[in-house]
Amino acid sequence: MAKILLGFIIVLAAVAVATTAEGCDKDREDMIRECKKYEMFPATPKIDPSPACCAVWQRADIPCLCKRVTKEVEKEWCMEKVIYVAKYCGKPFNPGWKCGSYTVPPAAQ
């Protein structure tokens, strides 16, 4: 009985991990579609995002998205612009928050 219960727990844990990994795929796709043009290099000018972009920011799982930010992503997406758009859309990052390897500075708030 204990082996069956342990096996069931392992299966549940595997399903939870798989679900979490896929958990923000739609948010990622929506962010690329609606916000990419406001968050790409060069760092200036910073352009106010569209209402559609802000709607994505309001519903997106930002911690999940930030876990997917790699050095390659940071070469294309300007993190300063990401912080600007997040603040403009009413969902600012807290100082010290890490998104990929980028740490939000105190002045970003």
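The lining of the largest pocket divides into 13 nonpolar residues, six charged residues and no polar ones. Please keep in mind that this is a predicted model.

How much space lies in the largest pocket? The value is about 410 Å³. Of the 19 residues that line this pocket, Arg-28, Met-31, Val-69, Val-73 and Trp-77 are the closest to its centre.

Which helix gives the most to the lining of the largest pocket? That is H2, with five residues. Helix H2 covers residues 25–39, and it is joined by helix H4 (62–67), helix H5 (71–76) and helix H6 (79–88); each of these four supplies at least two residues of the lining.

Rolling a probe the size of a water molecule over the atoms shows where empty space is left.

I now turn to the loop. Ser-101 is placed between strand S1, residues 98–99, and strand S2, residues 102–103. Is Ser-101 buried, partly exposed or exposed? Its relative accessible area is 35%, which lies between the cut-offs of 20% and 50%, and therefore Ser-101 counts as partly exposed.

Which residues does Ser-101 touch, leaving aside those up to four places away in sequence? They are Lys-71 and Glu-74. With Lys-71, the side chain of Ser-101 forms a polar contact of 3.3 Å. As for Glu-74, this residue is 27 residues from Ser-101 along the chain, and the C-alpha atoms of the two are separated by 8.4 Å.

Thank you for your attention.

Key:
Residues numbered from 1 in each chain as written. Predicted model: local features only at pLDDT ≥ 70, side-chain atom pairs only at ≥ 80, totals over all residues. Heavy atoms only, no water. 1 Å grid on protein atoms, 1.4 Å probe; cavity = no way out; pocket = protein on both sides within 12 Å on 5 of 7 lines; lining within 4 Å. Points joined across faces, edges and corners; volume = space filled by probe spheres on them. Nonpolar A, V, L, I, M, F, W, Y, C, P; charged D, E, K, R; others polar. Buried < 20%, exposed > 50% of the residue type's maximum accessible area, 1.4 Å probe, protein only. Contact = heavy atoms within 4.5 Å. Polar contact = N/O pair within 3.5 Å; in protein donor to acceptor, adjacent residues only side chain to side chain.
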